[in-house]
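Look at the sequence and the model first, then read on.

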Amino acid sequence: MSASDPNSAIYVTDSAKDIRIRHAFSGGQDSIEKHRQLGANLEVDIPIKYLSFFLEDDAELEHLKKEYGSGRMLTGEVKQRLIQVLTELVERHRRARASVTEE
């Protein structure tokens with residue numbers, strides 16, 4: 001994701017419907033069958049990297065890594081969780097920003 005390409009960046013001013021993860025490089029395999037057999041390469045997976053920064057629940061992060069790394073969870077499921085986490089973060093920021101006054 002890059003700010004130079006507005007379609008690949010997530011901004012704190014984005015609405016919940018604007019937050020999408022389409023082109024993030026994943027560590028998932030070429031096919032579902034291969035992914036189920038080999039699991040994901042967590043070292044190169046960008047959604048997992050983002051979750052390691054933004055997901056506050058360390059136990060959930062470890063669970064996601066275990067399931068995804070073993071092939072029991074698919075790339076789309078990890079991206080959906082990341083979208084949820086980022087949407088919550090942006091919404092909290094939006095509420096905090098709205099409560100700021102001139103004083």
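## H2 against H3

In this predicted model, helix H2 and helix H3 (residues 58-70) pack at an angle of about 165 degrees. Their axes are 10 Å apart. Angles over 145 degrees count as roughly antiparallel, so H2 is roughly antiparallel to H3. The crossing of the pair is left-handed.

Which residues make this contact? H2 supplies Ile48, Leu51 and Ser52. H3 supplies Leu61, Leu64, Lys65 and Tyr68. Sorted by class, the contact holds 5 nonpolar residues, 1 polar and 1 charged.

## H2 against H4

H2 spans residues 46-54, and helix H4 spans residues 75-98. Their axes come within 10 Å and cross at roughly 35 degrees. This crossing, too, is left-handed.

On the H2 side, the contact uses Pro47, Ile48, Tyr50, Leu51 and Phe54. On the H4 side, the residues are Val78, Lys79, Arg81, Leu82, Val85, Leu86 and Leu89. The class count is 10 nonpolar and 2 charged, with no polar residues.

## The chain as a whole

How many helices and strands does the chain have? The count is 4 helices and 0 strands. Along the sequence, the pattern reads α-α-α-α.

The chain has 103 residues, and 31% of them count as buried. Its accessible surface is about 7,000 Å². Carbon and sulfur atoms hold 51% of that surface. Now take the contacts with a sequence separation of 6 or more: 57% of them join residues 24 or more positions apart.

## Glutamate 91

Is glutamate 91 buried, exposed or partly exposed? Its relative accessible area is 25%. Buried means under 20% and exposed means over 50%, so glutamate 91 is partly exposed.

Where does serine 15 sit relative to glutamate 91? The two residues are 76 positions apart in sequence. In space, their C-alpha atoms are 8.0 Å apart.

Terms used:
Residues numbered from 1 in each chain as written. Predicted model: local features only at pLDDT ≥ 70, side-chain atom pairs only at ≥ 80, totals over all residues. Heavy atoms only, no water. Axes fitted to C-alpha atoms, helices over the stretch in contact; angles between N-to-C directions. Helix = DSSP H or I, 4+ residues; strand = E, 2+ residues; numbered from the N terminus. Left-handed = near helix turned anticlockwise from the far one by under 90°. Contact = heavy atoms within 4.5 Å. Nonpolar A, V, L, I, M, F, W, Y, C, P; charged D, E, K, R; others polar. Parallel < 35°, antiparallel > 145°, perpendicular 65-115°, else oblique. Buried < 20%, exposed > 50% of the residue type's maximum accessible area, 1.4 Å probe, protein only. Areas by Shrake-Rupley, 256 points an atom, 1.4 Å probe, with all protein chains shown as cover.
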